[in-house]
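The sequence and structure are shown first.

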Amino acid sequence: MSSGNVINHVTIIGAGLMGSGIAQVAASSGHKVTMVELDSKLLDKAQKNIEKSLERVAKKQFKGEEDKIAGFVNESISRISGSTDLNSVVKDTDLVIEAIVENLEVKQKLFGQIDGVAKPSTIFASNTSSIPIKDIAKSTSRLDRFCGLHFFNPVPVMKLLEVIRIPETSDATYNAAMEFGKKVGKTCVTCKDTPGFIVNRLLVPYMAEAVRMLERGDATARDIDTAMKLGAGYPMGPFELSDYVGLDTTKFILDGWSKNYPDNPLFKTIPMLTKLVEEGKLGMKTGEGFYKYQK
Ligand code: 3HC
């Protein structure tokens with residue numbers, strides 16, 4: 001393993017949809033990766049999902065060349081290991097990317113715990129979509145080695161990485177983060193630590209406004225989706241995207257923002273969204289959101 005800012009070994013904390021996607025792209029671009037979860041069953045599930053997704057990527061990349069497909073999948077998989085022992089993993093890692101539950105206290109506790117264990121040169125990053133990076137980073141004594149690395153779902157397909165700098169993020173950390181992003185095949189954009197960074201700041205109010213249109217009865221969900229796909233060239237309409245991302249995620253982001261910025265009408269919570277979430281209609285993952293899905 002390396003010292004300084006060369007990133008060879010990456011620790012991904014949280015092996016959910018985002019964490020496993022990040023692990024996949026890091027491994028397939030040559031990094032050694034350790035995924036950390038609380039339960040080894042979650043690690044097994046993530047490994048299986050990664051394998052399936054790697055096959056999709058490989059089939060596209062090496063059309064019909066079975067040896068190359070198998071080689072890519074097996075080599076990538078061989079670079080990924082799993083662990084439930086966070087402290088022992090972070091002792092010798094170059095970059096930690098946290099992709100756990102969107103809860104500030106839980107994230108602060110996690111980073112506070114590993115700050116004293118990781119080597120001084122290790123860079124810490126959060127994949128949070130809506131919590132200020134500075135609030136998470138202040139639980140550590142390495143503000144200069146802290147940044148946001150915000151990936152998009154599905155990670156193996158979406159080409160963007162937002163690199164978030166807090167005022168204390170050093171140039172060396174920022175440069176290493178940008179280089180890592182490029183190496184994993186993403187186009188990197190830089191953003192200050194502002195609500196939603198770039199993409200969610202625009203996307204979440206847009207999805208919220210679509211729900212408000214539906215609430216007012218201006219148009220059906222299907223017609224709003226069709227309009228945005230065919231009239232604006234989006235790959236998914238706002239309701240398809242909400243169902244894909246998870247209604248709970250959209251609601252969580254809006255709730256946090258409306259609490260912190262009560263005067264911004266873009267961030268206001270929406271009764272229809274609240275009702276669907278309370279009914280457990282969270283989108284594709286629960287079989288129903290704005291639309292119904294075959295499980
Ligand atoms: N792993 C690997 N490959 C995948 C994949 C995955 N998980 N999901 C899709 N793909 C590949 C497929 O293999 C397929 O490749 P092909 O074109 O060579 O056959 C290609 O992607 C397209 O997939 P599908 O044919 O299954 O379906 P679509 O053409 O409808 O594309 C989509 C699916 C890529 C999800 C597309 O609809 C899309 O781009 N949607 C918008 C997604 C988006 O906006 N994401 C950002 C959400 S916001 C966010 O993540 C921020 C967070 O903080 C909330």
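What distance separates the centres of domain 1 and domain 2, taken over C-alpha atoms? The separation of these two centres is 27 Å, with the domain bounds coming from an automatic or database domain assignment.

The model is a predicted one, in which local features need pLDDT of at least 70 and side-chain atom pairs count only at pLDDT 80 or more, while totals for chains, interfaces and linings use all residues. Residues are numbered from 1 along each chain as its sequence is written.

| Domain | Residues |
|---|---|
| domain 1 | 9-192 |
| domain 2 | 204-286 |

Four residues of domain 1 are in contact with four residues of domain 2, contact meaning that the C-beta atoms, placed from the backbone, lie within 7 Å. On the domain 1 side, the touching residues comprise three polar and one charged, with no nonpolar residue; here Ala, Val, Leu, Ile, Met, Phe, Trp, Tyr, Cys and Pro count as nonpolar, Asp, Glu, Lys and Arg as charged, and the others, Gly among them, as polar.

The ligand is surrounded by 18 residues, of which the closest are Ser53, Ser129, Asn153, Pro154 and Pro235, where a residue is counted if its C-beta atom, placed from the backbone, lies within 6 Å of the molecule. Two or more residues each come from helix H2 (40-61), helix H8 (199-216) and helix H10 (238-245), helices being DSSP runs (H or I, at least four residues) numbered from the N terminus. H2 gives the most, with four residues. By class, the shell around the ligand has eleven nonpolar, five polar and two charged residues. Because domain 1 and domain 2 both give residues to this shell, the ligand lies between them.

Methods: Contact = placed C-beta atoms within 7 Å.
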